Amino acid sequence: MLFTSNKSRSQTPPAGHKHQLPLLPLRDVVVFPHMVVPLFVGREKSIKALEHAMTLDKSIFLCTQKEAKVDEPQEQDIHTTGTIGVVLQLLRLPDGTVKALVEGYNRGRIDSFISTQDFFYVEVETLHEPQENTLETEALIRSLNSTFEAYAKINKKIPSEIVTTIAANKNPSQLCDSMIAHLSLKLEDRQTLLSLVSPIARMETLYELMRSEIEVLQIEQRIKNRVKKQMEKTQKEYYLNEQMRAIQKEMGDTDDIKNEISELEEKAKKRHLTKEAAEKVKHEIKKLKMMSQMSAEATVVRNYIDWILALPWNEKIRSNLDIDRAETILNEDHYGLDKPKERILEYLAVQSLVKRHKGPILCLVGPPGVGKTSLARSIARALGRNFVRLSLGGVRDEAEIRGHRRTYIGAMPGKIIQSLRKAKTSNPVFCLDEVDKMSTDFRGDPSAALLEVLDPEQNCRFGDHYLDLDYDLSEVMFITTANSLHTIPSPLKDRMEIIRIPGYTEDEKLNIAKSFLIKKQVLANGLSHDRVDISDNAILTAIRRYTSEAGVRGLEREIASICRKLARELVRTNDQNQTSKLKVSGKNITQYLGIPKFRYGKAEEEDEVGLVTGLAWTEGGGEILTTEVLVMPGKGNLILTGKLGDVMKESAKAALSYVRSISTKVGMDPDFYRKLDIHIHLPEGAIPKDGPSAGITLVTGLVSALTKRKVRRDVAMTGEVTLRGRVLPIGGLKEKVMAAHRGELKTLIIPQENEKDLKEIPDRILKAFNIIPVKQVDDVLLNALVIDPGEPLFLASSAEAQELPEPIIVGPSTPTVDGAGLDA
């Protein structure tokens with residue numbers, strides 16, 4: 001539908017007159033008086049404003065938004081100064097939008113907003129423009145005309161007819177508004193010019209803006225001319241080089257090129273290339289002879305030949321198969337880590353018996369800071385091989401592994417081939433770091449490309465896209481590292497031998513600090529081993545109260561901080577040549593490390609209702625979390641807070657259902673869920689928490705809160721629960737026990753099916769706990785809740801149900817802990 005307006009200029013309201021008009025908010029455009037502008041309108045409010053204008057006298061107020069990205073502008077989002085205009089035409093388009101042709105005819109200012117419901121309806125005051133026909137006005141008109149003419153000559157987009165037409169206009173206001181329509185000004189500058197009512201002030205501002213635009217255009221022109229000259233110079237040099245080459249060819253002066261090709265042929269003969277690679281190099285050298293050395297393709301061919309000749313095709317280092325020597329080196333570099341060391345020694349034993357044995361593909365999985373990468377470097381030293389490392393964290397392009405095809409500009413081999421070139425041997429120890437942190441996008445899946453690299457049956461014929469040749473990776477010893485297994489794709493995981501490194505115990509950290517970390521940091525900070533004395537008690541304090549980690553990276557930082565302060569103390573006292581000891585003990589360690597960061601070895605002072613402390617598994621190792629349950633009068637709502645994941649939310653619902661099923665058994669009102677709201681909270685709400693081992697913790701907290709029975713402060717637990725009260729096994733038991741040991745917890749309740757996993761935990765750790773395996777939630781409640789002798793927990797249970805199961809390991813007689821089983 002097309003609307004056409006017949007409104008004439010005679011209908012223009014007089015200056016200073018106030019009248020009510022619909023408002024059309026504009027984005028990225030400012031309409032000036034005497035300007036005809038087509039507008040495409042899509043917002044519902046704006047369309048209604050146009051339709052309302054067409055039903056009346058076609059007048060509308062055009063105002064620009066302060067922020068174009070605001071889809072639903074409010075009163076404060078719209079400039080107050082705008083243009084009173086007329087809707088000349090209105091055309092509905094098939095997609096529901098409207099095309100409007102509007103003409104501005106006077107400046108106006110919003111006096112007030114009358115309505116904002118269907119569309120903006122405002123009261124507008126027409127702005128009076130003073131008539132200032134003075135000599136200054138005449139001078140400004142001439143300056144504007146000359147400047148606009150200069151602008152048009154540089155811009156070249158403004159026709160000369162426009163310049164002539166504008167120059168003929170002697171009205172200062174109309175002259176300014178006509179020029180603005182042809183200038184490339186910022187939206188803010190246009191709005192400023194619209195807000196200036198005085199023609200003289202407007203002309204002065206416009207003159208400054210035009211001069212600034214002319215300077216910018218002149219600079220752009222100079223840049224274009226400079227680039228053009230540079231291109232002409234490049235073309236000239238290419239033409240002269242071609243002429244020189246032709247002259248040299250006529251004179252027979254091509255010895256340099258021939259010598260270069262001869263060197264490549266001689267180098268290819270000396271290298272131990274495979275048959276396929278040798279034929280490929282021969283073919284590429286023959287092609288290079290036929291090419292112009294100035295052509296781009298000659299450079300690509302030359303780079304390709306260089307890459308083939310630089311790779312170690314059959315250059316190998318003989319492995320040192322002395323098992324005793326290898327064991328000594330591994331023990332020198334790392335304390336503990338018995339399982340990885342045992343696997344390396346097994347590999348050496350097999351190598352000494354078998355002439356050709358495919359390299360193992362090990363995956364070291366553990367928290368940060370436990371020494372995965374440094375262990376790979378020690379393995380290379382023990383074997384006497386070269387070591388090369390490739391970090392895969394953040395890699396999302398398949399070409400990073402397989403390389404780019406040579407059809408692309410700047411193509412290169414993948415990181416695997418590049419790393420082997422750096423290693424200079426075909427059988428190095430190759431560490432693929434952070435294999436669990438690769439990602440996928442439209443460029444491919446790098447983890448899928450790694451399948452060929454890490455498959456012992458396929459990597460003897462690894463194909464790189466750039467080389468387009470088979471390369472034998474079967475003798476490379478690949479060692480991958482990861483913090484977590486669940487982010488590694490299953491096919492890739494299936495090709496690797498998983499070796500878990502759960503973390504270090506307190507004793508292991510103490511020995512690592514004494515044997516490795518202190519020596520390293522003393523040397524790094526310019527100190528002498530003879531003068532620095534850091535006691536065992538100081539190290540234990542740093543471990544317990546200044547770090548909370550599975551590895552030793554944070555401990556090393558704390559030791560480095562101590563050494564830096566000792567160095568500062570040494571320099572300040574000018575005591576470099578003295579022999580006095582710099583001693584750090586458990587008593588004065590706060591002078592070097594400040595206030596302790598972590599609470600250590602303190603149990604809750606008394607038993608509390610609804611408070612259970614949990615054991616959590618994270619990628620950084622085991623952690624301790626607290627679960628709080630609170631009941632209050634309400635309508636049966638279950639409130640879960642603490643940034644819980646979907647699995648943990650379902651565990652909470654299952655736990656509540658089970659508690660409802662045993663409500664009469666434990667002496668609760670069966671209709672408690674109708675009268676009470678239950679709030680379950682896990683502190684540290686900014687940290688996401690999820691996992692399938694919070695069931696018995698949640699049941700214990702719910703029963704405690706609903707029956708007002710206190711939870712024993714010396715009990716920690718982990719395990720999932722079914723709707724029938726069975727306790728299911730969980731993962732990460734070793735990490736959780738390590739976390740409990742770091743926090744000096746003493747009593748642990750675990751699922752009975754996890755009893756077999758206790759064999760992986762050192763005996764000295766197990767002796768610190770009373771560990772109670774359970775099959776049913778009843779056993780958990782009997783061990784976790786404070787039960788008075790005269791008030792049995794289960795009202796309708798047999799005598800046997802009241803008996804506590806015997807702990808399988810008895811440790812210290814005075815437990816000091818809270819704990820709960822969670823996977824976070």
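## Salt bridges and a helix pair

Student: Is Arg-713 buried, exposed or partly exposed?

Tutor: In this predicted model, Arg-713 has a relative accessibility of 35%, so it counts as partly exposed.

Student: Which side chain does Arg-713 meet in a salt bridge?

Tutor: The side chain of Arg-713 meets that of Asp-607, with 3.3 Å from N to O. The two residues link distant parts of the chain, 106 residues apart, since Arg-713 sits in the loop between β22 (710–711) and β23 (716–717), while Asp-607 sits in the loop between α20 and β17.

Student: And Asp-607, buried or exposed?

Tutor: Asp-607 counts as buried because its relative accessibility is 19%, and the cut-off for buried is under 20%.

Student: What does Lys-597 pair with?

Tutor: Lys-597 forms a salt bridge with Glu-558, and their closest N and O atoms are 2.9 Å apart. This pair also links distant parts of the chain, 39 residues apart, with Lys-597 in the loop between α20 (590–593) and β17 (608–609) and Glu-558 in helix α19 (residues 553–572). At 52% relative accessibility Lys-597 counts as exposed, whereas Glu-558, at 10%, counts as buried.

Student: What about Glu-508 and Arg-764, which parts of the structure do they tie together?

Tutor: Their side chains meet in a salt bridge at 3.5 Å, N to O. Glu-508 belongs to helix α17 (residues 506–524) and Arg-764 to helix α25 (residues 763–766), so the pair ties together parts that lie 256 residues apart in sequence. Glu-508 is buried, at 13% relative accessibility, while Arg-764 is partly exposed, with a relative accessible area of 41%.

Student: How many salt bridges are there in the whole structure?

Tutor: A search of the whole structure finds 30. There is also a network of salt bridges that links Arg-107, Glu-129, Asp-177 and Arg-202.

Student: Switching topic, at what angle do α10 and α11 pack?

Tutor: Helix α10 (residues 323–333) packs against helix α11 (residues 338–353) at an angle of about 160°, and their axes are 10 Å apart. An angle over 145 degrees counts as roughly antiparallel, and α10 and α11 are therefore roughly antiparallel to each other. The crossing of α10 past α11 is right-handed.

Student: Which residues make that contact?

Tutor: From α10 the contact uses Ile-323, Ala-326, Glu-327, Leu-330 and Asn-331, and from α11 it uses Lys-341, Ile-344, Leu-345, Leu-348 and Ala-349. By class, the contact of α10 with α11 comprises seven nonpolar residues, one polar residue and two charged ones.

Notes. Residues numbered from 1 in each chain as written. Predicted model: local features only at pLDDT ≥ 70, side-chain atom pairs only at ≥ 80, totals over all residues. Heavy atoms only, no water. Axes fitted to C-alpha atoms, helices over the stretch in contact; angles between N-to-C directions. Helix = DSSP H or I, 4+ residues; strand = E, 2+ residues; numbered from the N terminus. Parallel < 35°, antiparallel > 145°, perpendicular 65-115°, else oblique. Left-handed = near helix turned anticlockwise from the far one by under 90°. Contact = heavy atoms within 4.5 Å. Nonpolar A, V, L, I, M, F, W, Y, C, P; charged D, E, K, R; others polar. Salt bridge = Lys/Arg side-chain N within 4 Å of Asp/Glu carboxyl O. Buried < 20%, exposed > 50% of the residue type's maximum accessible area, 1.4 Å probe, protein only.
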